[in-house]
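Welcome, and please open your viewer. We will walk through this structure one selection at a time, with a short note at each stop.

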Amino acid sequence: MPSLNHTANHPFRHPANQTLLIDADDTLWENNIYFERAITSFISYLDHRVHTPEEVRGHLNRVEHATVVAHGYGLHSFRRSLVTCFEQLTDIPITAEKHRRIESFAESIADQEIELLPNVATTLADLATRHRLIMVTKGDPDEQTDKLQRSGLAPHFTAVEVLREKHHGAYRTLADHHQCEACTTWMIGNSPRSDINPALAAGFHAIFIPHDFTWVLEHEVVNQPPSGQQLLELAAFADLTRYF
Ligand SMILES: [Mg+2]
């Protein structure tokens, strides 16, 4: 009797034992919406007499860009960006009380419960029965591993990588470290700039799962995959089980 081919009921599925590199923030769980809420509170607190809220937001984006270049990703950088933005847009000195208030907007993010995106837990559990799953995120290692522990998703991953920046060189180093074959390795995430384009540049396939509230600093046009590499766009995380 022929062995049951698991792809028979799943015509689009790739064979077992693919390596799936999976982003975390705004791919597995909500993240950027908390920053958006904190920024809205910050702008309303600043209540600028000259600049519109949109102008304050534009300035904060530029400050955040400079801060992450100098200090990396994470809440410590966000806290620093809010204080810098406040200092640059006002001519009044920041009192200790104002400082505490501004920091409280960043603290509100640290206090958030982990909110998984729809069907993430069941989808990961299913994928992990057939494939090797590696979480690939960036930011502050303590913050990211803490979120992973609180998410309850850690048992599904064989490894976790928290990169300082997700550029194509970092993906290549990671591939060497975990012995990933380019032809069976896929990067899955919501960010064109950090997940899709550099993974394609590193020689992997990629799966783009857009999130409506992706951080503006992650926006970029999605590149066409080089010849021999695949790029898919899926509407929801659960759609991965159709292909893997
Ligand atoms: Mg992300």
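Start by selecting glutamate 218 and lysine 138, both of which are buried; buried means under 20% relative accessible area, exposed means over 50%, and partly exposed lies in between (1.4 Å probe, protein chains only).

A word on what you are looking at: this is a predicted model, in which local features need pLDDT of at least 70 and side-chain atom pairs count only at pLDDT 80 or more, while totals for chains, interfaces and linings use all residues. Residues are numbered from 1 along each chain as its sequence is written, and side-chain values use heavy atoms, with hydrogens and water left out.

**Stop 1**

Keep glutamate 218 and lysine 138 selected: their side chains meet in a salt bridge, 2.6 Å from N to O. The term salt bridge stands for a side-chain nitrogen of Lys or Arg within 4 Å of a carboxyl oxygen of Asp or Glu. This pair links distant parts of the chain, 80 residues apart, with glutamate 218 in the loop between strand S5 (205–208) and strand S6 (231–233) and lysine 138 in strand S2 (residues 132–138). Helices (H or I, at least four residues) and strands (E, at least two) are DSSP runs, numbered from the N terminus.

**Stop 2: a pair within one helix**

Next, select aspartate 146 and arginine 150, a salt bridge whose closest N and O atoms are 3.1 Å apart. The two are separated by about one helical turn because they sit 4 residues apart in helix H6 (residues 141–151). Aspartate 146 is partly exposed at 36% relative accessible area, and arginine 150 is partly exposed at 41%.

**Stop 3: helix H1**

Move to H1 (32–46). H1 has 15 residues and reaches 21 Å from its first C-alpha to its last, close to the 21 Å expected at 1.5 Å a residue; the expected span is 1.5 Å times one less than the number of residues. Among the buried residues of H1 are Ile33, Phe35, Ile39 and Phe42. Their cover includes helix H2 (53–71), H3 and H4.

Which residue forms a salt bridge with glutamate 36? Select arginine 57, where the closest N and O atoms are 2.8 Å from each other. Glutamate 36 lies in helix H1 and arginine 57 in helix H2, so the pair ties together parts 21 residues apart in sequence.

**Stop 4: helix H4**

Select residues 96–110 for helix H4, whose end C-alpha atoms are 21 Å apart. Where does H4 bend? Look at serine 104, where the bend is about 30°, taken as the angle between axes fitted to the seven residues ending there and the seven starting there. Ile102, Phe105, Ala106 and Ile109 are buried in H4, and the buried residues of H4 pack against H1 and helix H3 (75–89).

**Stop 5: two domains**

Finally, colour domain 1 (19–29 + 115–242) and domain 2 (33–110); these bounds come from an automatic or database domain assignment. Their C-alpha centres lie 29 Å apart. Across the boundary, 13 residues of domain 1 are in contact with 16 residues of domain 2, contact meaning heavy atoms within 4.5 Å. The count of salt bridges between domain 1 and domain 2 is 0.
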